[in-house]
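My notes follow, in the order I took them.

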Amino acid sequence: MVGDVLQACLGQGIPPPRPYRTPADLGAGRLRGFAVGLACMLGAVGCLVTTGAAQSAQPNLVYIMADDLGWNDVGYHGSEIRTPNIDVLAKDGVRLDRYYAFPLCSPTRAAFLTGRSPIRLGVDTPIGPRGVLPLSEHLLSETLGDAGYQTFLAGKWHLGIDRVAAHPYRRGFDHSYGHLGPSIDYFTHVWQNGLDWHRNGVALHEDGYSTDLIAAEAVRLIEARDPSRPFFLYLSFNAPHSPLQATEEQIRRHPDIQRPQRQVYAAMVSAMDDGIGRVLAALAEAGIDRDTLLVWASDNGGARNLGASNRPFRGAKGSAFEGGIRVPAVVHWPGVLNGGRQFEQIFTAMDWFPTLTTALGIPPKNTEALDGLDLWKAIGETGTAVERRSTVIGVDGNYAVFQGPWKLVQFTRRGAQESQTLLFRIMEDPEESEDLAQAHPEVVEELLAELRAVPRGPSVSSRRPARARRGRAAENEPAPELLAPWVERAAKD
Ligand SMILES: [Ca+2]
């Protein structure tokens with residue numbers, strides 16, 4: 001298999017990465033006067049820097065998402081995979097030590113963009129071809145667009161595939177590029193026998209490794225933006241999700257990794273890290289790195305059978321053990337947020353919407369209540385405790401309930417009818433090695449009651465097999481210009 005990958009990679013070199021200059025390299029830079037002033041009004045200034053000359057521009061937001069990256073797959077967690085650009089973000093930003101995403105792609109993406117529980121929304125598995133993030137939901141892209149932001153998506157969507165009304169250019173993004181489905185071939189951009197690569201709904205036949213193309217689009221968007229308006233860039237890499245594919249040049253950068261799958265996986269991570277470096281350099285060269293709030297986070301734990309590592313945690317992608325949901329994340333805003341720190345309280349994928357809108361000084365336009373919490377002040381002020389009654393994370397059949405020192409895990413083995421319930425003192429036992437359910441049945445009952453109380457919408461993810469979806473787009477809502485898999489395949493028949 002790896003031989004095939006290597007063969008496929010021949011001649012697919014990438015340009016050398018441009019080194020990212022740190023804020024210190026760039027000098028004092030300009031100050032984020034607007035945001036600081038606004039944050040002062042909001043009383044959220046405990047850890048905010050207040051030097052330099054004022055600038056009237058509204059801050060930008062760059063949210064970078066990795067796909068299936070495990071805890072032990074970044075340099076700053078001690079991995080053998082070197083990630084120098086991500087490590088700069090970690091060094092200069094605030095590391096979220098207890099960041100909990102959902103165990104799978106679509107639920108985390110739904111939580112990020114809505115601020116609401118994907119369990120409530122019925123996004124309980126990866127969204128299938130006919131599944132749709134409910135169109136009634138208000139998205140972060142819409143709130144920011146209404147506030148005057150240019151809204152860009154470069155990369156993976158995975159919140160609606162067949163229905164045009166669910167595509168990103170209909171969900172608040174002025175510009176979108178990349179793929180709609182869960183995964184693509186990195187070189188051909190094909191998913192399940194059809195091209196899944198577009199710019200604003202028009203199919204693209206491009207040469208190149210998808211990670212490099214996504215980063216290049218992000219750089220183009222930064223360079224071509226209207227500088228008189230702020231922008232929101234959702235940079236959603238498909239790396240290092242399967243299939244295991246990397247360029248030969250990237251693979252050669254990891255001669256010390258012996259396990260073939262891990263070596264190719266490391267090369268995929270390196271390509272993403274290089275792309276992040278190019279984006280950071282573009283921000284610096286545009287002189288807006290200090291005018292930009294940047295988040296970097298994985299969307300769920302790594303798939304161990306594909307070379308990822310979640311050590312020292314138990315579990316992997318799809319599970320509610322720590323290895324499936326506790327993933328790397330960093331909040332970075334030089335000149336505004338004092339970096340070099342670690343935020344040690346729970347932060348969930350649902351918390352981004354309220355936290356980031358507060359940071360930017362923009363009222364959310366939601367009409368429905370958010371499930372996430374606004375943690376901007378807590379991130380800025382070390383020691384501010386956040387009150388949470390309980391936190392429920394999970395997907396169909398696999399749930400985690402956090403409350404105080406406890407974590408309950410309810411999981412269902414593949415093919416099993418009944419679920420199992422385990423209980424851990426998660427702060428003392430982050431590796432989830434000692435099940436305390438028998439010793440504390442009263443705690444189990446209390447946390448199960450919290451789990452039962454979580455609102456649950458009917459599933460919208462639709463696990464219909466791919467072969468049943470031929471021509472569905474035309475039946476549902478025609479998209480003649482979008483040669484996404486189902487349309488292209490139907491055209492060939
Ligand atoms: Ca994922």
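I take helices (H or I, at least four residues) and strands (E, at least two) as DSSP runs, numbered from the N terminus. Phi of Glu 432 is near 50°, a positive value in a residue other than glycine. I count Glu 432 as buried, because 20 other C-beta atoms lie within 10 Å. The cut-offs I use: buried is 20 or more other C-beta atoms within 10 Å of the residue's own, exposed is 12 or fewer, partly exposed is in between, with C-beta atoms placed from the backbone.

A note on the source before going on. This is a predicted model, in which local features need pLDDT of at least 70 and side-chain atom pairs count only at pLDDT 80 or more, while totals for chains, interfaces and linings use all residues. Residues are numbered from 1 along each chain as its sequence is written.

**Overall tally**

I get 15 helices and 16 strands for the protein. Of its 493 residues, 54% are buried. I also looked at contacts (C-beta atoms, placed from the backbone, within 7 Å). Among those between residues at least 6 apart in sequence, 69% join residues at least 24 apart.

**The sheet**

What is the order of the strands in the open sheet? I read S8-S7-S4-S3-S9-S1-S10-S11-S2-S12, which makes 10 strands with mixed pairing. The edge strands, each pairing on one side only, are S8 (202-203) and S12 (341-348). My rule for pairing is at least two DSSP bridges between two strands.

I then walked through the pairs. S3 (residues 150-156) and S4 (residues 175-179) are parallel over 5 bridges, and Lys 156 has His 179 in S4 as its bridge partner. S3 also runs parallel to S9, with 6 bridges; there Gln 150 is partnered by Phe 231. On to S1 (residues 60-66): its pairing with S9 is parallel over 5 bridges, with Ile 64 opposite Leu 235. S1 joins S10 through 7 bridges, again in parallel, and Tyr 63 has Val 295 as its partner in S10. The pairing of S10 with S11 (residues 329-332) is antiparallel over 4 bridges, where Trp 296 meets Val 330.

**Two enclosed strands**

Is S9 buried or exposed? 6 of the 6 residues of S9 (residues 231-236) are buried, so the strand is largely enclosed by the rest of the structure. I checked both directions: Phe 231, Leu 233 and Leu 235 point one way, Phe 232, Tyr 234 and Ser 236 the other, and all are buried.

S10 (residues 292-298) has 7 of 7 residues buried, so I call S10 largely enclosed too. One side carries Thr 292, Leu 294, Trp 296 and Ser 298, the other Leu 293, Val 295 and Ala 297, all of them buried.

For angles I use lines fitted to C-alpha atoms, for helices over the stretch in contact, running from 0 to 180 degrees between N-to-C directions. H7 (residues 210-224) lies across S3, S4 and S9, at about 170° to S3. The axes of H3 and H9 come within 7 Å and cross at roughly 60°. H3 and H9 are therefore oblique to each other; that class is what remains after under 35 degrees (roughly parallel), over 145 (roughly antiparallel) and 65 to 115 (roughly perpendicular). Pro 84, Asn 85 and Ile 86 of H3 meet Asp 273, Ile 276, Gly 277 and Leu 280 of H9.

The bond from Ala 239 to Pro 240 is cis, omega near -5°, and Pro 240 lies in the loop between S9 and H8 (248-252). Arg 311 to Pro 312 is cis as well, omega near 10°. His 158, not a glycine, has a positive phi of about 60°.

Methods:
Contact = placed C-beta atoms within 7 Å.
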